Amino acid sequence: TKHGILRCPVPEGLVGDKILVSVRPENIDVLRDPGSADNVFAATVEASAFLGEFMDCRMDVGGTELRVRVHPSLGLRRGESVYLRFPPESCMVVAQ
């Protein structure tokens, strides 16, 4: 990606130069410490809305907006710097 390396399983027989990687918002991990895990990208919390059992958050990753759903106990605040982890098993790759 333009933000770094994203490791994920690629379906057999996928051909082409352009792909799309899709990850459900609830499957993206929000970390305060990046550790040494793969698929971790720095992000900034742009906005968050409490929706009962989860918070719906807009994150900025180097100019790309992503939606993430997290448990309210995480207590994210607008402007906070965090890290997003994309578990490889949650990534879906499709040709464009």
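Because the model is predicted, local features need pLDDT of at least 70 and side-chain atom pairs count only at pLDDT 80 or more, while totals for chains, interfaces and linings use all residues.

**The sheet**

Start with the strands, which, like helices, are DSSP runs numbered from the N terminus (strands are E, at least two residues; helices are H or I, at least four). Five strands form an open sheet in the order β2-β6-β3-β4-β5, with antiparallel pairing; two strands pair if DSSP finds at least two bridges between them. Select β2 (29–31) and β5 (64–70) to see the edge strands, each of which pairs on one side only. Neighbouring strands of this sheet are turned by 45° against each other on average, with direction ignored, where the axes are lines fitted to C-alpha atoms (for helices over the stretch in contact) and angles run from 0 to 180 degrees between N-to-C directions.

Next select β6 together with β3, which run antiparallel and are joined by five bridges. Valine 40 stands opposite arginine 85 in β6, and threonine 44 stands opposite serine 81 in β6. Then bring in β2, which pairs with β6 in the antiparallel sense over three bridges; the bridge partner of aspartate 29 in β6 is arginine 85.

**The aromatic pair**

Which two residues form the aromatic pair? The structure holds one such pair, and to find it, select phenylalanine 41 and phenylalanine 86, whose rings are edge-to-face at 5.7 Å centre to centre with 70° between the planes. Rings of Phe, Tyr and Trp (its six-membered ring) count as a pair if their centres lie within 6.5 Å, and planes under 30 degrees apart count as stacked, over 60 as edge-to-face and the rest as tilted. Phenylalanine 41 lies in strand β3 (residues 40–50) and phenylalanine 86 in the loop between β6 (81–85) and β7, so the pair ties together parts that are 45 residues apart in sequence. Phenylalanine 41 is buried at a relative accessible area of 9%, and phenylalanine 86 is buried at 10%.

**Salt bridges**

Turn now to the charged side chains, where a salt bridge is a side-chain nitrogen of Lys or Arg within 4 Å of a carboxyl oxygen of Asp or Glu. By this rule the count comes to six salt bridges.

Select glutamate 80 and arginine 32, which form a salt bridge whose closest N and O atoms are 2.7 Å apart. This pair links distant parts of the chain, with glutamate 80 in the loop between β5 and β6 and arginine 32 in the loop between β2 and β3, 48 residues apart. Glutamate 80 is buried, with a relative accessible area of 10%, whereas arginine 32 is partly exposed at 45%.

Move to arginine 67 and aspartate 56, whose side chains meet in a salt bridge (2.2 Å, N to O). Arginine 67 lies in strand β5 and aspartate 56 in strand β4 (residues 55–61), so the pair ties together parts that are eleven residues apart in sequence. Arginine 67 counts as partly exposed at 42% relative accessibility, while aspartate 56 is buried at 15%.

Then select arginine 58 and glutamate 65, whose side chains meet in a salt bridge of 3.3 Å, N to O. Arginine 58 counts as partly exposed at 32% relative accessibility, and glutamate 65 counts as partly exposed at 48%.

**A loop residue and a surface patch**

Select asparagine 39, placed in the loop between β2 and β3. Its phi is near 60°, a positive value in a residue other than glycine, and asparagine 39 counts as buried at 4% relative accessibility.

Finish on the surface with Leu20, Met92 and Val94, which form a nonpolar patch with about 260 Å² of accessible area together. Patches are made of residues with over 30% relative accessible area and no salt bridge, like charges being joined within 9 Å and nonpolar side chains (Val, Leu, Ile, Met, Phe, Trp, Tyr) within 5 Å; accessible areas come from the Shrake-Rupley method with a 1.4 Å probe, and for residues only the protein chains shown count as cover. Valine 94 lies in strand β7 (residues 92–95) and is partly exposed, with a relative accessible area of 32%.

Note on methods:
Residues numbered from 1 in each chain as written. Heavy atoms only, no water. Buried < 20%, exposed > 50% of the residue type's maximum accessible area, 1.4 Å probe, protein only.
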